[in-house]
Structure formats: structure tokens, C-alpha cells
Amino acid sequence: MFLIYCPHCGEHREEEEFHNHGQAHIARPLDPDSCTDEEWGNYMFFRKNPKGLHHELWVHAAGCRKFFNVTRHTATYEIKEVYKIGEQPKVVE
């Protein structure tokens with residue numbers, strides 16, 4: 001069984017309670033109306049997919065329903081850190 005720590009609930013819970021929402025720390029364009037189609041398409045659809053450390057956005061869907069960030073190694077699935085939205089990662093490589 002794989003356990004994930006929820007920083008809002010303060011406890012480790014089963015993986016099935018969580019959903020990954022992709023890459024974390026993606027800045028929304030400040031003025032979407034002035035974006036070109038290419039810029040908007042890049043913001044909407046293009047994400048990093050590295051082999052190694054990756055910062056991801058997760059939600060505790062079957063628990064508190066709050067979002068948080070996870071730094072995870074994509075090849076080993078090892079979670080290096082969990083931190084709340086608005087905080088910066090401590091593990092960067």
C-alpha cells in the first residue's frame with residue numbers, strides 16, 4: 001500500500017484518496033485576452049514530463065478536498081516532500 005501525507009489533515013492516507021492534477025507552479029497569463037493562440041495553447045496544453053524530480057499538484061479528493069504540492073521522483077515514485085499551495089519546494093534536484 002502506498003501512503004501519501006496530506007499537509008492539511010496532518011496524516012498519511014492511502015493513495016486511492018488522492019488525485020494528481022499535473023505539473024505544479026504554472027503561472028496563469030496576467031492578461032489572457034492579449035495572448036496569442038500559440039501562447040494560450042502553450043499555457044493550456046504543454047507540460048513538463050521529466051524522468052526524475054517533478055513538482056506536482058495533488059488534491060485529497062476523498063478527504064479534506066484541499067490541494068497541495070508534491071515533489072516526486074517519476075521513475076521510482078518516491079515522494080521527496082509535500083508542501084502547501086503558496087510555499088516553494090525545498091527539494092529542487
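**A close look at one hairpin**

Tutor: Read along the sequence, the protein chain runs β-β-β-α-β-β-β. This is a predicted model, in which local features need pLDDT of at least 70, side-chain atom pairs count only at pLDDT 80 or more, and totals for chains, interfaces and linings use all residues. Residues are numbered from 1 along each chain as its sequence is written, and side-chain values use heavy atoms, with hydrogens and water left out.

The protein chain has 1 helix and 6 strands. Both are DSSP runs numbered from the N terminus: helices are H or I with at least four residues, strands E with at least two. The C-alpha trace spans about 45 × 30 × 25 Å along its principal axes. The chain exposes about 6,600 Å², and carbon and sulfur atoms supply 49% of that. Such areas come from the Shrake-Rupley method with a 1.4 Å probe; for residues, only the protein chains shown count as cover. Of the 93 residues, 26% are buried. Buried means under 20% relative accessible area, exposed over 50%, and partly exposed in between (1.4 Å probe, protein chains only).

Now the part itself. Strand S5 (residues 67-73) pairs antiparallel with strand S6 (residues 79-84) over 5 bridges. Pairing takes at least two DSSP bridges between two strands. S5 and S6 form a hairpin, with 5 residues between them. In its turn, Tyr-77 has a positive phi of about 70°.

His-55 lies in strand S4. Beyond four places in sequence, His-55 touches residues including Val-70, Thr-71, Tyr-83 and Pro-89. Contact here means heavy atoms within 4.5 Å.

Next, Arg-72, also in strand S5. In a regular strand, side chains alternate between the two faces of the sheet. Is Arg-72 buried or exposed? Arg-72 is buried, because its relative accessible area is 9%. Its side chain makes a polar contact of 2.7 Å with that of Glu-56. Leaving aside neighbours within four places, Arg-72 is in contact with Asn-20, Gly-52, Leu-53, His-54, Glu-56, Trp-58, Tyr-77, Glu-78 and Ile-79. Note Tyr-77 in that list: it is the turn residue with the positive phi.

Compare the other hairpin, at S1 and S2. Strand S1 (residues 3-6) runs antiparallel to strand S2 (residues 11-14), joined by 4 bridges. There are 4 residues between them, and Gly-10 in the turn has a positive phi of about 75°. Leu-3, in strand S1, has Glu-14 as its bridge partner in S2. Leu-3 is partly exposed, with a relative accessible area of 43%. Beyond four places in sequence, Leu-3 touches His-12, Arg-13 and Glu-14. The C-alpha atoms of Leu-3 and Leu-53 are separated by 18 Å, at 50 residues apart along the chain.

Phe-46 sits in the loop between helix H1 (37-45) and strand S4 (53-59). Phe-46 is exposed, because its relative accessible area is 60%.

How values were computed
Polar contact = N/O pair within 3.5 Å; in protein donor to acceptor, adjacent residues only side chain to side chain.
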